[in-house]
Every structure is written in structure tokens, then in C-alpha cells.
Amino acid sequence: MADNNGGLAIRPMDQFEVKALFGGDVSWYTPTNVTLWMALTVLAASALMIYGARGRALVPSRAQSAAEMTYGFIYKMVEDVAGKDAVRFFPHIFTLFMFVFFANILGLVPFAFTTTSHIAVTAVLALTVFFSVTALGFILHGTKFLGLFWISSAPLALRPVLALIELISYCVRPVSHSIRLAGAMMAGHAVAKVFAGFTAAMGAAFFLPILAVTALYALELLVAVIQAYVFTILTCVYLKDALHPSH
Amino acid sequence: MAETAATGPGMPQLDISTFPNQIFWLVVTLVVLYFVMSRVALPRVAAVLADRRGVITSDIATAEEFKHKAQAAEEAYHKALAEARAEAGRIVEAAKAEMQEELDAQMAKADAEIAARTAESERRIQEIRDSAMDMVSEVSKDATKDILELFGAKADARSVNAAVAARLKGGA
């Protein structure tokens with residue numbers, strides 16, 4: 001993995017560059033490595049949920065079990081965290097989870113491009129969640145949705161202050177939501193690349209960085225799954241606020 | 001993230017010129033993925049899960065039904081067994097009574113026969129005894145006459161007979 005860096009010049013951020021697949025400039029519609037890896041994400045998700053579950057057997061095969069468990073896991077999460085009436089948004093949340101999960105996992109394939117390491121991607125995801133949930137809150141509850149910021153259990157004098165704090169924290173949500181995911185993905189991949197670069201530079205002790213990269217990969221696999229989980233469960237929490245704004 | 005500063009060119013993540021491209025393909029991907037999941041994958045998996053739940057529920061119901069049937073069969077078996085026992089008891093009782101009756105009849109018959117035979121035997125013994133008595137007196141009379149003749153005494157037949165008869169009666 002480190003050979004293409006050429007000696008000591010480790011360039012850990014090169015892996016994040018957006019490149020056109022067939023050369024030329026990157027305009028908004030150009031097929032790029034983003035296109036490729038996002039398409040693979042869709043394929044992987046479809047492979048699990050459609051090809052894996054194609055038997056529709058009463059006693060499931062391993063792949064069908066995995067598909068059913070993924071379904072059950074997200075379904076239960078939506079039901080438990082956001083409430084029973086949130087189940088109608090289950091397909092949306094499931095789509096979100098599948099995209100982040102497979103983008104993270106596929107990003108761990110050597111030479112892969114990690115779409116979720118880009119703030120542009122995660123910000124669009126987080127802002128979509130933020131605006132959908134906020135719009136949903138106003139549509140379902142009208143101005144009562146603002147009760148989310150007006151904490152009636154607090155002393156009256158404190159309420160405006162608390163409302164301001166609540167409002168700020170509400171608006172900061174998409175920032176933390178998106179930067180958490182992109183940051184975790186980018187940091188892990190960059191560190192892996194740096195360690196891999198050391199392999200050529202360390203001569204006889206070349207096995208040390210390899211061991212480090214191996215350990216790091218195990219950790220990164222964990223991070224990939226956890227970040228997908230965190231992103232999804234936070235979406236459910238925000239959805240719960242929109243459906244039930246009273247605390 | 002400290003490495004980024006050392007590498008010079010900066011973070012590709014902050015290269016705004018690639019944002020429209022990424023956002024465009026992300027939106028395309030999400031729309032495609034949403035339709036594939038919500039129209040194809042999720043209904044299929046949901047149907048399989050619902051099927052399985054249905055089958056399990058109906059299997060449990062069937063098992064429950066079979067259990068009830070087995071219990072009913074067991075009850076019927078015990079009932080039939082008890083009835084058969086009672087019936088057998090009744091039959092044994094009836095057979096015993098019948099046998100007793102027959103036995104009694106046979107005994108009575110046998111007793112009657114024995115009594116008849118006994119009476120007959122007694123009668124014949126009496127006959128024999130009587131005839132023996134007669135013969136004894138006859139022989140005695142003859143013997144007495146012969147003895148008297150041997151002694152040379154002229155025996156009057158009638159007085160000899162009376163004397164022997166009296167003698168026999170006394171000796172008897």
C-alpha cells in the first residue's frame with residue numbers, strides 16, 4: 001500500500017482525492033471515484049438485502065439470516081428510540097443506515113475511496129436529516145413544536161436562557177452529526193496510510209508498522225460499524241424530538 | 001489529523017470544487033438506494049418475517065390441538081379400561097353364581113342318589129340277613145333232627161322245630 005508513495009514522502013491525504021474516472025476535469029456530473037464507490041455501496045446493500053435474502057426460506061440461510069437481522073436491528077432501533085409511530089419512516093432510516101454502513105465498510109478495502117470520509121457527503125446526509133425532521137416537527141405540531149425549546153418544567157426566569165441554549169444545541173446538531181462521521185472515517189484512514197508509509201522507511205523493522213496497521217484495521221472495522229450505528233441512532237433521536245416535542 | 005499540515009496540499013475534503021460532484025452523486029445514490037430498499041428489499045424481508053411468525057403461531061396452535069386430542073384419547077382409554085374392568089367383574093360374578101347354582105343342583109341330585117342307594121343297600125342287607133336267619137333255623141332244625149336220630153331218639157318234627165326256634169330266638 002505504501003509503494004505508490006515513493007520513499008519517505010508519505011501522502012496520507014491522497015486517498016481522499018476526488019478524481020474523474022475517465023480523466024478530465026471534475027464537473028458536477030462527471031463520473032468520479034465517488035460515483036464508483038457509491039454505486040458499489042448500493043450494490044453491496046442490494047447484495048445483502050435482495051440476493052442474500054432471495055431464498056425467502058422459512059428456515060433462513062446464513063445470508064438471509066444476516067439480512068433479516070439487519071432488518072430487525074434497525075426496525076427495533078426505530079421502534080425503541082423514536083417510538084412506534086416512527087415506524088413509517090423505517091425505510092428512510094434503513095436506507096441511511098445501509099448507505100453509511102456499506103460506505104464505511106467498503107472504505108476499508110485497500111485502495112478504496114471512502115465516500116463517508118468527505119464532509120460534503122456527511123453534511124448533506126446530516127442536513128437532510130435536520131431539515132426533514134424540523135419540517136416534520138412543524139407539519140405535525142405547528143408552533144407547538146417550539147415547545148421543544150421552551151422547557152416548562154424550569155423556573156420562568158430561566159426559560160429564555162434555556163431556550164437560547166436549546167436552540168443553539170438544536171442547530172449545532174447537523175454539524176456534530178456530520179463531522180463526527182467524516183472525522184472518524186478520515187482520521188482512521190489517514191493514520192493507516194501513515195503507518196503503512198513507515199513500512200518502507202523502517203527497513204529491518206518493517207514488520208512493526210505492518211502489525212500496527214493490522215491492529216488499526218481491526219479498530220477501524222469497529223469504528224466503521226459503530227459510526228454507522230451512531231449516525232442512525234442519532235437520526236432516530238432527532239426523529240423522536242420531531243414526533244414527540246414535549247419532553 | 002496532525003499529518004494534514006505536513007503534507008502541504010491540504011485536505012481534499014475542503015476542496016469546494018468537488019462538492020457539486022459529490023452532492024450530485026450522493027443524491028442519485030440515496031434515491032436509488034431508497035427505492036431499491038423500500039420497493040424491493042424491505043417488503044420481501046418483511047413478508048418472510050411475517051410468514052415465519054404466522055407459521056410459528058399456527059404450529060403452536062396445532063401442537064396445542066394435538067395435545068388436547070391426546071389428553072382426550074387418554075381419558076377415553078381410561079374410561080374404556082374402567083368399563084371393561086367393571087364388565088369383567090360382572091361376568092365373573094354371573095359365572096360364579098351360575099356355577100354355584102349348578103353345583104348345588106348336582107349336589108342335591110347326588111345326595112338324593114346316595115340316599116336311594118343307601119336305602120336299597122339297607123333293604124338288601126336286611127333281606128340277606130332275613131334269609132340267612134331262615135337258613136340258620138332250617139339248618140339247625142335239620143341238624144337237630146339228624147343228631148336226635150343218631151342218638152336213636154324218635155324226634156317229633158314239630159316239637160323239635162319249636163324248640164330250635166325258641167332256642168334261636170333266645171340266642172339271637
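A nonpolar core is here a set of buried Ala, Val, Leu, Ile, Met, Phe, Trp, Tyr and Cys residues joined through C-beta atoms within 7 Å. In this predicted model, the largest such core holds 66 residues, of which Val78(A), Ile93(A), Phe97(A), Met98(A), Val100(A) and Leu239(A) touch the most other members. Two or more residues are contributed to this core by each of helix 1, helix 2, helix 3, helix 4, helix 5 and helix 6 of chain A, and also by helix 2 (19-150) of chain B. Helix 3 of chain A supplies the largest share of the core, with 12 residues. For Ile93(A), which is among the core members that touch the most others, the contacts beyond four places in sequence are with Ile74(A), Val78(A), Thr232(A), Thr235(A) and Cys236(A).

The secondary structure of chain A consists of six helices and zero strands, and the order of its elements from the N terminus is accordingly written α-α-α-α-α-α. Along the principal axes, the C-alpha atoms of chain A fill a box of roughly 70 × 55 × 40 Å. Of the 247 residues in chain A, 38% are buried. Among the contacts in chain A with a separation of 6 or more, 64% are between residues 24 or more positions apart.

Within chain A, the axes of helix 5 and helix 6 (residues 207-243) come within 10 Å and cross at roughly 170°. Because angles over 145 degrees count as roughly antiparallel, helix 5 of chain A is roughly antiparallel to helix 6 of chain A. The contact of these two helices comprises 19 nonpolar, four polar and three charged residues.

Arg56(A) is partly exposed, since 13 other C-beta atoms lie within 10 Å. Phe111(A), with a positive phi of about 70°, is found in the loop between helix 3 and helix 4 of chain A. Phe111(A) is exposed, because 7 other C-beta atoms lie within 10 Å and the limit for an exposed residue is 12 or fewer.The contact between the chains takes 43 residues from chain A and 35 residues from chain B. On the side of chain A that touches chain B, two or more residues are given by helix 1 (33-51), helix 2 (62-82), helix 3 (90-106), helix 4 (119-141) and helix 5 (159-201) of chain A. Helix 1 of chain A gives the most to this side, with nine residues. By class, the side of chain A that touches chain B has 30 nonpolar, nine polar and four charged residues.

Across this contact, the axes of helix 3 of chain A and helix 2 of chain B come within 9 Å and cross at roughly 120°, which makes helix 3 of chain A oblique to helix 2 of chain B. The crossing of these two helices is right-handed. From helix 3 of chain A, the contact is made by Pro91(A), His92(A), Phe94(A), Thr95(A), Met98(A) and Phe99(A), and from helix 2 of chain B by Thr29(B), Leu30(B), Leu33(B), Tyr34(B), Met37(B), Ser38(B) and Leu42(B). The residues of this contact divide into nine nonpolar, four polar and no charged.

Terms used. Residues are numbered from 1 along each chain as its sequence is written. Chains are lettered from A and ligands numbered from 1 in the order in which they are written. This is a predicted model: local features need pLDDT of at least 70, side-chain atom pairs count only at pLDDT 80 or more; totals for chains, interfaces and linings use all residues. Two residues are in contact if their C-beta atoms, placed from the backbone, lie within 7 Å. Helices (H or I, at least four residues) and strands (E, at least two) are DSSP runs, numbered from the N terminus. Ala, Val, Leu, Ile, Met, Phe, Trp, Tyr, Cys and Pro count as nonpolar, Asp, Glu, Lys and Arg as charged, and the others, Gly among them, as polar. A residue is buried if 20 or more other C-beta atoms lie within 10 Å of its own, exposed if 12 or fewer, and partly exposed in between; C-beta atoms are placed from the backbone. Axes are lines fitted to C-alpha atoms, for helices over the stretch in contact, and angles run from 0 to 180 degrees between N-to-C directions. Angles under 35 degrees count as roughly parallel, over 145 as roughly antiparallel, 65 to 115 as roughly perpendicular and the rest as oblique. A crossing is left-handed if the near helix is turned anticlockwise from the far one by less than a right angle, and right-handed if clockwise.
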